[in-house]
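Please open the model in your viewer and keep a selection panel at hand, as this tour moves from one selection to the next and says what is there at each stop.

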Amino acid sequence: MQLQNMGTPTESDKKFMKIAYEEARKGYEEGGIPIGAVLVSSTGEILGQGHNLRIQDSSPILHAEISALKSAGRLPATKYQNTTMYTTLSPCSMCTGAILLYKISRVVIGENKTFVGSEDWLGVKGVEVVVMEDEDCKELLGRFIKERPGEWGEDIGEEEEK
């Protein structure tokens, strides 16, 4: 089930998505999976940012959203409330679980055509979801998938189709 876009992107959303995209590009340039994320407070302060590091760190869990949370460091639970997670790709079940655990209230997604994560779960739990359909996000991840389909399949928990 794909959730319908629940909100409209703002100018701030576009600004922070560009930062998430730059994180994705950094990951691609490092030889990793090009997905980036930024966690932003309600006042516009960047709390953490990161990119998918599964390949670079040989980690099964360092997706972009988890990397951004790790970058934010240990924060009081209330600090996560009323924050926005910007992610270049629809968050998977693991990342959605972290978003819900920390009560992040809003998620802005660069694109969800390449992969639809657990957006429906976010919506059911009351998280505002905004999908930007950003062409740069689609192009970068699409290029990676064409170049390295096996690593893409590994990242989303699927076997490469032969």
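Begin by selecting helix α4 (93–101), whose buried residues are covered by elements that include α2, β3, β4 and α5 (119–124); helices here are DSSP runs of H or I with at least four residues, strands are runs of E with at least two, and both are numbered from the N terminus. The buried residues of α4 are Cys95, Thr96, Ala98, Ile99 and Leu100, where buried means under 20% relative accessible area, exposed means over 50%, and partly exposed lies in between, with a 1.4 Å probe and protein chains only. Just after α4, Lys103 has a positive phi of about 55 degrees.

Before going further, note that this is a predicted model, in which local features need pLDDT of at least 70 and side-chain atom pairs count only at pLDDT 80 or more, while totals for chains, interfaces and linings use all residues. Residues are numbered from 1 along each chain as its sequence is written, and side-chain values use heavy atoms, with hydrogens and water left out.

**Helix α2**

Next, select residues 64–72, which form helix α2; seven of these nine residues are buried, so the helix is largely enclosed by the rest of the structure. The buried ones are Ala64, Glu65, Ile66, Ser67, Ala68, Leu69 and Ala72, and they pack against β1 (36–40), β2 (46–51), α3 (77–80), β3 (84–89) and α4 (93–101). Following the chain out of α2 brings you to Gly73, with a positive phi near 80 degrees.

Now show α2 and α4 together: how do their axes cross? The two axes come within 8 Å and cross at roughly 35 degrees, the axes being lines fitted to C-alpha atoms, for helices over the stretch in contact, with angles from 0 to 180 degrees between N-to-C directions. Glu65, Ile66 and Leu69 of α2 and Met94, Cys95 and Ala98 of α4 make the contact, which is defined by heavy atoms within 4.5 Å. By class, five of these residues are nonpolar, none is polar and one is charged; Ala, Val, Leu, Ile, Met, Phe, Trp, Tyr, Cys and Pro count as nonpolar, Asp, Glu, Lys and Arg as charged, and the others, Gly among them, as polar.

**The cysteines**

Select the cysteines and look at their sulfur atoms: how many disulfides are there? The count is zero, with a disulfide taken as a pair of cysteine sulfur atoms within 2.5 Å. For Cys92, the nearest cysteine sulfur is that of Cys95, 3.7 Å away, and Cys92 counts as buried at 14% relative accessibility. For Cys137, the nearest cysteine sulfur is again that of Cys95, at 15 Å, and Cys137 is buried with a relative accessible area of 5%.

**Aromatic pairs**

Show the aromatic side chains, among which there are three aromatic pairs; rings of Phe, Tyr and Trp (its six-membered ring) pair if their centres lie within 6.5 Å, and planes under 30 degrees apart count as stacked, over 60 as edge-to-face and the rest as tilted. One of the pairs joins Phe16 and Tyr86, whose ring centres are 5.4 Å apart and whose planes stand at 40 degrees, so the pair is tilted. Phe16 lies in helix α1 (residues 11–29) and Tyr86 in strand β3, so the pair ties together parts that are 70 residues apart in sequence. Both Phe16 and Tyr86 are buried.

Move on to Tyr80 and Tyr102, another tilted pair, at 4.6 Å centre to centre with 40 degrees between the planes. Because Tyr80 lies in helix α3 and Tyr102 in the loop between α4 and β4 (106–111), this pair ties together parts that are 22 residues apart in sequence. Tyr80 is buried, with a relative accessible area of 4%, whereas Tyr102 is partly exposed at 34%.

Leaving out residues up to four places away in sequence, Arg54 touches Ile33, Ser59, Pro60, Leu62, His63, Glu154 and Asp155. A polar atom of the Arg54 side chain lies 3.5 Å from the backbone oxygen of Pro60.

Finish at Lys138 in helix α6 (residues 135–147), which counts as partly exposed at 22% relative accessibility. Its side chain makes a polar contact with the side chain of Glu135 (3.2 Å); such a contact is a pair of N or O atoms within 3.5 Å, where, within protein, one must be able to donate a hydrogen and the other to accept it, and residues adjacent in sequence count only if both atoms are side-chain atoms. Apart from neighbours within four places in sequence, Lys138 is in contact with Glu111, Lys113 and Glu133.
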